[in-house]
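Subject: Structure handover

Hello,

Here is the structure for you to look through. Please open it first, then read the notes below it.

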Amino acid sequence: MQLQDLLFSQGFGTRRVCAGLIQLGHVTIAGERVTDAAAEFAPHGLRFCVDGVEWEYHEKAYVMLHKPAGTECSRKPSAYPSIYTLLPAPLRQRPQKGAVQGVQAVGRLDQDTTGLLLLTDDGQFIHRMSSPRHHVPKVYEVCTRHPVEDRQLQRLLEGVTLEDDPRPVRAAACERSGERQLRLTLTEGKYHQVKRMLAAAGNRVESLHRSQIGSLALPPDLLSGQWRWLGPDELAALGA
Ligand code: URA
């Protein structure tokens, strides 16, 4: 693949911008400056530096973000900064079918919810992970306003009804993790689902943190606001 096309595919701007970056000496590969925009490289696994920042070629982008509180999962946020501002420009600018689209969040978390969020430019992966049919479990750590009662745990497991749907929604798993804390596993993702389920069970969410999606747990060393690429084993475990 020509280096200018390779940079374009990774979100470094239009082909013309990418050619300019190369010709002006901003790109190195294996420590060597490459100034020929049409130079050919095998893309898979290729590592390259743009202005000293190292990148690896990824045909599709799959990343995890530790979402901080006070951020919105929207490109056009209404009140808080967008989570997309936490990602570097190439991830936001990756082209898809000729248009600049960038990665998209796999489902949304509320502005005050923290924790594990996946982002990708693979539409099929988004569909698989979000579809209720695939039952991907998501684990939430909930701090509650009132002490968690056995009766509430039972109701969450047996099913509660939310105002917009007569069918009961139930937690796939639910356990007390402290006097005012519980760990709740859901396999669907309705709007404000955890908050509404807790309210229906007679308690109230004070804070909410997503700690796991499928077999993927938020790594303890990924600090709030940080992102990283998913590794091949993590992707395989998620079925990407
Ligand atoms: N349920 C909620 O109520 N909020 C979230 O952000 C995620 C799940």
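A pocket, as the word is used here, is an open set of grid points with protein on both sides within 12 Å along at least five of seven lines. A volume is the space filled by probe spheres set on the points. Keep in mind throughout that this is a predicted model.

The largest pocket

The largest pocket holds about 600 Å³ of space. Its lining is made up of 26 residues, and R108, L109, D110, G189 and K190 are the ones nearest the centre. Sorted by class, the lining residues are ten nonpolar, nine polar and seven charged. Several secondary structure elements contribute: helix 4 (123–130), strand 10 (138–144), helix 6 (193–200) and strand 15 (205–213) give at least two residues each. Two domains take part as well, since at least three lining residues come from domain 2 (62–132 + 216–238) and at least three from domain 3 (137–213).

The second largest pocket

The second largest pocket has about 210 Å³ of space. It is lined by 13 residues, with Y57, H58, E59, K60 and L235 closest to its centre. Its lining splits into six nonpolar, four polar and three charged residues. Here domain 1 (3–56) and domain 2 (62–132 + 216–238) each provide at least three of the lining residues.

The ligand

Which residues are found around the ligand? They are L109, D110, T113, Y140, H192, Q193, V194, K195 and L208. Two of these, L109 and D110, were also listed above among the residues nearest the centre of the largest pocket.

- T113 places a polar side-chain atom 2.8 Å from an oxygen atom of the ligand.
- H192 has a polar backbone atom 3.2 Å from an oxygen atom of the ligand.
- V194 has a backbone N or O atom 3.0 Å from a nitrogen atom of the ligand.

On its own the ligand has 240 Å² of accessible area, and the protein covers 95% of this.

The cavity

How many cavities of 30 Å³ or more does the structure hold? There is one. A cavity, unlike a pocket, is a set of points where a 1.4 Å probe fits but cannot get out. The residues that line it are Q10, F12, F48, W55, E56, P90, L91, R94 and W229. Of these lining residues, six are nonpolar, one is polar and two are charged. Strand 4 (53–56) and helix 3 (89–93) supply at least two lining residues each. As with the second largest pocket, at least three residues of the cavity lining come from domain 1 (3–56) and at least three from domain 2 (62–132 + 216–238).

Backbone angles

Regards

Terms used
Residues numbered from 1 in each chain as written. Predicted model: local features only at pLDDT ≥ 70, side-chain atom pairs only at ≥ 80, totals over all residues. Heavy atoms only, no water. 1 Å grid on protein atoms, 1.4 Å probe; cavity = no way out; pocket = protein on both sides within 12 Å on 5 of 7 lines; lining within 4 Å. Helix = DSSP H or I, 4+ residues; strand = E, 2+ residues; numbered from the N terminus. Nonpolar A, V, L, I, M, F, W, Y, C, P; charged D, E, K, R; others polar. Domains from an automatic or database assignment. Near = heavy atom within 4 Å. Polar contact = N/O pair within 3.5 Å; in protein donor to acceptor, adjacent residues only side chain to side chain. Areas by Shrake-Rupley, 256 points an atom, 1.4 Å probe, with all protein chains shown as cover.
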